[in-house]
Amino acid sequence: MWRVARFAASNVRSSSQRRFFSAAAIPGACIVHKRGADILHDPWFNKDTGFPLTERDRLGLRGLLPPRVISFEQQYDRFMESYRSLQKNTQGQPYSVVSLAKWRILNRLHDRNETLYYRVLIDNIKDFAPIIYTPTVGLVCQNYSGLFRRPRGMYFSAKDKGEMMSMIYNWPGQQVDMIVLTDGSRILGLGDLGVQGIGIPIGKLDMYVAAAGINPQRILPVMLDVGTNNQKLLEDPLYLGLRQPRLEGEEYLSIVDEFMEAVHTRWPKAIVQFEDFQMKWAFETLQRYRKRFCMFNDDVQGTAGVALAGLLGTVRAQGRPLSDFVNQKIVVVGAGSAGLGVLTMAIQALSRMSGNNEMAAKNQCYLLDKDGLITKERKNLDPAAAPFAKDIKDVEGLREGASLLEVVKKLKPHVLLGLSGVGGIFNEQVLKAMRESDSPKPAIFSMSNPTMNAECNAADAFKHAGPNIVFASGSPFENVDLGNGKVGHVNQANNMYLFPGIGLGTLLSGAHVITDGMLQAAAECLASYMTDEEIQKGILYPSIDSIRHITAEVGAAVVQAAVEEDLAEGHGDVGPRELKHMSKEEIVAYVMQSMWFPVYSPLVHEK
Ligand SMILES: NC(=O)C1=CN([C@@H]2O[C@H](COP(=O)(O)OP(=O)(O)OC[C@H]3O[C@@H](n4cnc5c(N)ncnc54)[C@H](O)[C@@H]3O)[C@@H](O)[C@H]2O)C=CC1
Ligand SMILES: CC(=O)C(=O)O
Ligand SMILES: [Mg+2]
């Protein structure tokens, strides 16, 4: 039988490290090519006051630190104590002041000591995800040029054309597994933030470390700065990006092409996650690269899987069999990269369930954008939205461009799902109209980020649409007290439940591309994760506290799909043959064991 134990040392990644074991016989040791103060200033290796005396001697640190050695646990407690004092001292201050102060204290730790940073992040993910991820990351991006102290990740700009192949070698890490790339053109629901959008790849990769246990020495956040069309930023003297309008057309694509080639040359196995690209480039780049490189678009494909899992959950919440999904009327508000991605995947699932009847599947879905209901009558219909445009004769009583309220009143949908980026458009009238839904448990998914851009908040949803709804939002909200001991459960329908598992599963499978089958396996895994009891309570997604566990399951599902599609080439010591012979449980265990966990490793200097 295949044994998991052989991967016990999988926190140790590089072959040079493995070579070292036999030479120096220090188990779990990590080789560092620096000495003295250089180590203290390197957050990958720094342990602050935690360096043991023997290591201080070995690494030339003696005298550079106060004499007392503080344990990791003491350092951890000390940080948490400072964090709690900050919380106390900022009580009552405006949201932006408090959340930026929390982000700063975490960011300072990130810049100083990554091991401690990731440990506090992992252990307190429920409290810290809203700071390093949505919603606070949105505020950080908006204020990035002012908040900037130290660079993180890499910045490739239009001015670097022709240089990227050499620039990529400026990155100090020998191996990179996971890259999150943005061009800053559609940051959450906040629009074009230019170079300031780098906060998103940083936040997403923090989630990769926390949820998927990707080694932080092997991640790379990247900003492709091709200019910005945000006038306010262009006029801001402190703006840190290129002060020029965005490149378009072939000029734009040639920059992305050059970057992808450079990455592929240095790290042929690195996975590139495209994030927060405006719709036209999200689709274009996905089509252009998905068969050539190991990449996916999180907003299109990750979001779709999370939404689909939620939609299937709402069918179960109604006490109906999954096959009843084909009878659900679904209204999607927002015809951008996320909304169209969700519809595409939902329709694929619906047509599979209705015996490949794509027509019947499409009939169940309705799409609105800023100009209302999208029908074939629409002038200048966007080709990407065209497959979902309604025939006017199929929407009796509704017209081209019908308003959201008209649509909800007329159709009485089972599901109202917002990916518009526009805060508050599920207003009181719209929510009250959802009381007439044909579903006994209407679903309201207010998925836009950050919080201010959510189509509605949780309290309003339960207040106006009634206590029976199933509610999910892209950014976190508190559960709602419905009185009489009842709780309106708030789910976080965010692609964070899938992208870490998609990335990790792809990495461990060694697949060179990410197929629809692998993405579908990830979504199905998430959909089946919750028990009937939880679903009955309106709980559609696991608690973020168990994000490592769900990520292991999703990652394993992705590995399995890659094996089934004959794409798995393996990773490290585990080849395709071994993967093929593992049971599902063994793959889950393998994925779990492959996750990096923050502990101080003994450091050994080597020139
Ligand atoms: N919860 C999650 O996991 C995710 C959430 N999102 C959120 O979804 C939002 C949209 O993202 P993308 O699709 O990439 O943006 P996008 O810019 O490509 O698309 C936005 C769409 O909303 C439509 N829209 C604008 N105003 C509208 C209105 N008043 N009524 C109806 N539709 C309106 C636009 O016409 C466009 O079709 C963002 O806020 C983003 O943060 C995106 C990905 C994942
Ligand atoms: C969550 C996410 O990817 C977005 O809002 O764009
Ligand atoms: Mg995104």
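This is a predicted model: local features need pLDDT of at least 70, side-chain atom pairs count only at pLDDT 80 or more; totals for chains, interfaces and linings use all residues.
Local features were taken at pLDDT of at least 70 and side-chain atom pairs at pLDDT 80 or more, whereas totals for chains, interfaces and linings use all residues. Residues are numbered from 1 along each chain as its sequence is written, and chains are lettered from A and ligands numbered from 1 in the order in which they are written.

The chain is divided into domain 1 (145–293) and domain 2 (302–496), with bounds that come from an automatic or database domain assignment. Taken over C-alpha atoms, the centres of domain 1 and domain 2 are 31 Å apart. Seven residues from domain 1 and nine residues from domain 2 make up the contact, two residues being in contact if their C-beta atoms, placed from the backbone, lie within 7 Å. On the side of domain 1 that touches domain 2, α11 (199–212) and α14 (279–289) each supply at least two residues. Helices (H or I, at least four residues) and strands (E, at least two) are DSSP runs numbered from the N terminus. The largest share of this side of domain 1, three residues, belongs to α14. By class, the side of domain 1 that touches domain 2 holds six nonpolar residues, one polar residue and no charged residues. In this classification Ala, Val, Leu, Ile, Met, Phe, Trp, Tyr, Cys and Pro are nonpolar, Asp, Glu, Lys and Arg are charged, and the others, Gly among them, are polar.

Two features are recorded in UniProt, where positions are given in the numbering used here, feature names are shortened, and annotations may be inferred rather than shown by experiment. An unreviewed entry lists "domain: Malic enzyme N-terminal" at residues 110–290. The end C-alpha atoms of residues 110–290 are 32 Å apart, and the span is 46% helix and 11% strand. The feature "domain: Malic enzyme NAD-binding", also from an unreviewed entry, is placed by UniProt at residues 300–563. For residues 300–563 the end C-alpha atoms are 24 Å apart, with 41% helix and 12% strand in the span.

Ligand 1 is surrounded by 30 residues, of which the closest are Gly189, Gly336, Asp369, Gly421 and Gly474. A residue is counted here if its C-beta atom, placed from the backbone, lies within 6 Å of the molecule. The elements that give two or more residues to this shell are α15 (298–317), α16 (337–353) and β8 (365–369). The shell around ligand 1 takes at least three residues from each of domain 1 and domain 2, and its composition is twelve nonpolar, 14 polar and four charged residues. Around ligand 2 lie Thr134, Leu188, Asp276, Asp298, Asp299, Asn449, Gly474, Asn494 and Asn495. The shell around ligand 2 divides into one nonpolar, five polar and three charged residues.

Seven strands form an open sheet of mixed pairing in the order β9-β8-β7-β10-β11-β12-β15. Strands β9 (372–373) and β15 are at the edges with a single partner strand each, so one side of each has no neighbour in the sheet. Within this sheet, β10 (415–418) and β11 (443–446) pair in the parallel sense over four bridges, pairing being assigned if DSSP finds at least two bridges between two strands. Leu417 has Phe445 in β11 as its bridge partner.

Strand β5 (271–274) pairs in the parallel sense with β3 (178–182) over four bridges and with β6 (295–297), again in the parallel sense, over three bridges. Leu181 stands opposite Phe274 in β5, and Val272 has Met295 of β6 as its bridge partner. In a regular strand the side chains alternate between the two faces of the sheet. Both faces of β5 are covered, with Ile271 and Gln273 buried on one side and Val272 and Phe274 buried on the other. A residue is buried if 20 or more other C-beta atoms lie within 10 Å of its own, exposed if 12 or fewer do, and partly exposed in between, with C-beta atoms placed from the backbone.

Helix α6 (114–123) has eight of its ten residues buried and is therefore largely enclosed by the rest of the structure. The buried residues of α6 are Glu114, Thr115, Leu116, Tyr117, Tyr118, Arg119, Val120 and Leu121; they pack against α4 (72–89), α5 (95–112), α7 (125–132) and α11.

Met496 is placed in the loop between β15 (490–492) and α21 (499–509). Met496 is buried because 27 other C-beta atoms lie within 10 Å. Apart from its neighbours within four places in sequence, Met496 is in contact with Tyr133, Met207 and Ala211. The C-alpha atom of Met496 is separated by 16 Å from that of Ala557, 61 residues away along the chain.
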